[in-house]
Amino acid sequence: MDDAPQTPRPAPSRSSVKVYGGGGASSSSPRRASPVLAGVLVGIPAAVVWALIAYFTGYEIGWAAWGVGAIVGYAVAKSAHEPSASLGPTAAVIAVASLLLAKILILEFALPAMAQAELLKSPNATTGMFVLDMTQHKSFSPELQALLDQADAQPGSLTEAQQVDAQRRMRAEVTERVGNATRAEKERVVRASVDAYLKELGFFGALKELFSLYDALWIFLAISSAFKIAQSKSS
């Protein structure tokens, strides 16, 4: 019969869907970079900026090292997820690496131009560079150059009067050459002497010469600031 009662069908059960990989519980807090990565990403540009300042101004500006250390310390502290006793030492190490990178960049790109500009300010230094250039290229007057070549080939062959006269004539010719030289020629001669001197020193020798007593003070302040600023996150 059509009027017979029908047995109700059970409603299909909804099974919960499991989501793997952490998709079920999302964290509302934004992810931060690690303190080491943050310090490196800030330290490298800071080192480049310091080198650029030295290149365009002609001065190394040692207190900029202090700023590099402070910026690195702040970046490490800001990116720390939780307090840690290692934040201070981490920032200090990154600050040292950043300062060393800055010194290397200054040595490779800024130091030759800085030394050239400083020597060009001194007439005596510029004259000395011309003495070296004219001696190397044997560009004195023919008679004087023959006398100098004789002195080099046969040491002691010139009398004392000849030596005094040769030195006098050398000074006169160098002074005349410097007086008639254009700005471009002076820059060329001085730059060649600077390049030869840096090449003779070598990379590590020139890098050592780039550090001074004042640099030690600024580097100490930079490392101390990086350590204290980063370590303040742990207090």
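## A loop residue to start with

Lys138 sits in the loop between H4 and H5, where helices are DSSP runs of H or I with at least four residues, strands are runs of E with at least two, and both are numbered from the N terminus. Its phi is near 50°, a positive value in a residue other than glycine. Most residues other than glycine have a negative phi. At 47% relative accessibility, Lys138 counts as partly exposed, because buried means under 20% relative accessible area, exposed means over 50%, and partly exposed is in between (1.4 Å probe, protein chains only).

Ile61 also has a positive phi, near 55°. You'll find Ile61 in the loop between H1 and H2, and its relative accessible area of 25% makes it partly exposed.

## What you're looking at

This is a predicted model, so local features need pLDDT of at least 70 and side-chain atom pairs count only at pLDDT 80 or more, while totals for chains, interfaces and linings use all residues. Residues are numbered from 1 along each chain as its sequence is written, and side-chain values use heavy atoms, with hydrogens and water left out.

The protein chain has 8 helices and 0 strands, so reading along the sequence gives you α-α-α-α-α-α-α-α. Of its 235 residues, 31% are buried. Take the contacts (heavy atoms within 4.5 Å) between residues at least 6 apart in sequence: 80% of them join residues at least 24 apart.

## The nonpolar core

A nonpolar core is a set of buried Ala, Val, Leu, Ile, Met, Phe, Trp, Tyr and Cys residues joined through side-chain atoms within 4.5 Å. The largest one here has 47 residues, and Trp50, Val76, Leu99 and Ile106 have the most contacts inside it. Each of the helices H1 (35–57), H2 (64–79), H3 (87–120), H4 (123–136), H5 (142–153), H6 (160–180), H7 (183–209) and H8 (213–231) supplies at least two residues of this core. H3 gives the most, with 13 residues.

Zoom in on Ile106: leaving out residues up to four places away in sequence, Ile106 touches Trp50, Ala51, Ala54, Glu60, Leu111, Met114 and Leu210.

## Two helix pairs

First up, H3 and H8: their axes come within 7 Å and cross at roughly 145°. Axes are lines fitted to C-alpha atoms, for helices over the stretch in contact, and angles run from 0 to 180 degrees between N-to-C directions. This crossing is right-handed, meaning the near helix is turned clockwise from the far one by less than a right angle, with anticlockwise being left-handed. Among the residues in contact are Leu99 of H3 and Phe227 of H8. The contact divides into 13 nonpolar, 2 polar and 2 charged residues; Ala, Val, Leu, Ile, Met, Phe, Trp, Tyr, Cys and Pro count as nonpolar, Asp, Glu, Lys and Arg as charged, and the others, Gly among them, as polar.

Next, H5 and H6 pack at about 130°, with axes 11 Å apart. They are therefore oblique to each other (under 35 degrees is roughly parallel, over 145 roughly antiparallel, 65 to 115 roughly perpendicular, and the rest oblique). H5 passes H6 in a left-handed crossing. Glu143, Leu144, Leu147 and Leu148 of H5 meet Gln162, Ala166, Arg169, Met170 and Glu173 of H6, which divides into 5 nonpolar, 1 polar and 3 charged.

## A stop at Val42

Val42 belongs to helix H1 and is partly exposed, at 26% relative accessibility. Not counting residues up to four places away in sequence, Val42 touches Ile71, Val72 and Ala75. Val42 and Ala95 are 53 residues apart in sequence and 9.8 Å apart in space, C-alpha to C-alpha.
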